Amino acid sequence: MPVSIVVGGQFGSEGKGKVALEIVRRADGRSTVVRVGGPNSGHTAYDRHGRRWALRQMPAACVDLNVDVVFPAGSYIDIELLRSEIDALSFPEDRIHIHPFANIITDQHRAWEQSSNLTGRIGSTGSGVGAAVMASVARTAENFPLVAVHAQFQGQLEPMIRDTSTVLDDILRRGDRVVIEGSQGFGLSLLDGGIWPKATARSTTAAAALSEAGIGIAHVDDVVLVLRSFPIRVAGESGPLSRETTWQRIAERTGRSDDIREYTTVTKKLRRVGEFDVELARKAIMVNAPHRLVLNHLDYVGPAEELNLQSGAARRFVTDVEAWIGRPVSWLGFDPYSVVDRTRMFA
């Protein structure tokens, strides 16, 4: 059952791309990465040469150029963006597999979102994903203005068009690892996050990612829920954020003098930030039923060396989080590059 699903437990930007890449690097044998969702959020990872990649269409777990990439029927593709990222990465196109029914984001979809005022009212990125979702669900209804477009009708994608269900079935029969790289976070989920309408256009749970990937549940042996020490939301009227604080207060608490402010990958706006939300994390765990938890951005709490000190702020924070959520954390992240096993870091 060699399928890993990586999903976020808060409002996105938890470090899912880095975690998915780490799973690929630790896997035995070949790996394939499935990218669900669309380009309305960015995934960041560093390749083996230390180069930073902030990708919106290609999965972050592909940056070492040693995996196959699958865009299933449940994906949403901006062709121009996809082509630019393929070219920038120098990614071999014969290792990219796109389902004929993968959804294409058109200029019409983007224009409709820009004119809808969703960017201002709910903090949408206006990338056209929501409009493409609506067009697909409308199913050519005559009284709906948007039309769904599928990958099979795009000539420039033709060399990459495959029946991805068959591709993935063959991979799983060989016993190779498949990593589903989810997008955004549980708190933004259309069906489960609890903050509608300040939500994204899709469900962002592990079960939804598996459905979008077109893979049967019996293949899954690894659901990974990624959390961060201080959850973020995008700028503006993007919805509630429990115990909202500021980047300056976080830096002062940790004694950091460097600029730790974060900006969104798509809109380049300053992110809002809040204290760790225990109830949100518990609900994300309940709905996603993860096998493993990852806690990232711990450098905002204290340095990794503090994990070996009983009085260290980082150690106290990790043990507090584990007590609050009633679950152990498997991997800890103190930087954008990698994660470490919790058992190796605690003395």
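Predicted model: local features only at pLDDT ≥ 70, side-chain atom pairs only at ≥ 80, totals over all residues.
The secondary structure of the chain consists of 11 helices and 16 strands. The radius of gyration is 20 Å, which agrees with the value near 20 Å that a compact globule of 347 residues would have. Along the principal axes, the C-alpha atoms occupy a box of roughly 60 × 45 × 35 Å. Buried residues make up 56% of the 347 in the chain. Among contacts with a separation of 6 or more, 73% are between residues 24 or more positions apart. The accessible surface amounts to about 14,900 Å², and carbon and sulfur atoms contribute 51% of that area.

An unreviewed UniProt entry assigns the feature "binding site" to Gly 42, His 43, Thr 44, Arg 271, His 297, Leu 298 and Asp 299. The feature "binding site" is also listed by UniProt, in an unreviewed entry, for Thr 265, Val 266, Thr 267, Lys 268, Lys 269, Leu 270 and Arg 271.

Arg 271 is located in the loop between H8 and S13. Its relative accessibility is 12%, so Arg 271 falls under the 20% limit for a buried residue. The side chain of Arg 271 forms a polar contact of 2.8 Å with the side chain of Glu 262. Beyond four places in sequence, Arg 271 touches Ser 13, Ile 232, Arg 233, Trp 247, Glu 262, Tyr 263, Thr 264 and Thr 265. Thr 267 is placed in the loop between helix H8 (247-254) and strand S13 (272-274). Thr 267 has a relative accessible area of 30% and is therefore partly exposed.

His 297 occupies the loop that runs between strand S14 (292-296) and helix H10 (313-325). Leaving aside residues up to four places away in sequence, His 297 is in contact with Ser 13, Glu 14, Arg 228, Ser 229, Glu 262 and Gly 333. Ser 13 and Glu 262 are contacted by both His 297 and Arg 271.

Gly 42 belongs to the loop between strand S2 (31-35) and strand S3 (43-46). With residues up to four places away in sequence not counted, Gly 42 touches Leu 55, Arg 56, Thr 265 and Val 266.

Ser 183 lies in the loop between strand S9 (177-181) and helix H7 (206-213). The relative accessible area of Ser 183 is 3%, so this residue counts as buried. Ser 183 touches Lys 16, Arg 35, Val 36, Gly 37, Ser 41, His 43, Arg 202 and Thr 204, residues up to four places away in sequence being excluded. With Arg 202, Ser 183 makes a polar contact of 3.2 Å between side chains.

Strands S3 and S4 form a hairpin with 5 residues between them, and Gly 50 in the turn has a positive phi of about 85°. The pairing of S3 with S4 is antiparallel and extends over 4 bridges. Within this pairing, Ala 45 has Trp 53 of S4 as its bridge partner. Side chains in a regular strand alternate between the two faces of the sheet. In strand S4 (residues 52-55), Trp 53 and Leu 55 form the covered face, whereas Arg 52 and Ala 54 form the uncovered one. Leu 55, on the covered face, is also a contact of Gly 42.

Technical notes: Residues numbered from 1 in each chain as written. Heavy atoms only, no water. Helix = DSSP H or I, 4+ residues; strand = E, 2+ residues; numbered from the N terminus. Buried < 20%, exposed > 50% of the residue type's maximum accessible area, 1.4 Å probe, protein only. Polar contact = N/O pair within 3.5 Å; in protein donor to acceptor, adjacent residues only side chain to side chain. Contact = heavy atoms within 4.5 Å. UniProt positions renumbered as here; feature names shortened; annotations may be inferred. Rg over C-alpha atoms; globule rule 2.2 N^0.38 Å. Areas by Shrake-Rupley, 256 points an atom, 1.4 Å probe, with all protein chains shown as cover. Pairing = 2+ DSSP bridges.
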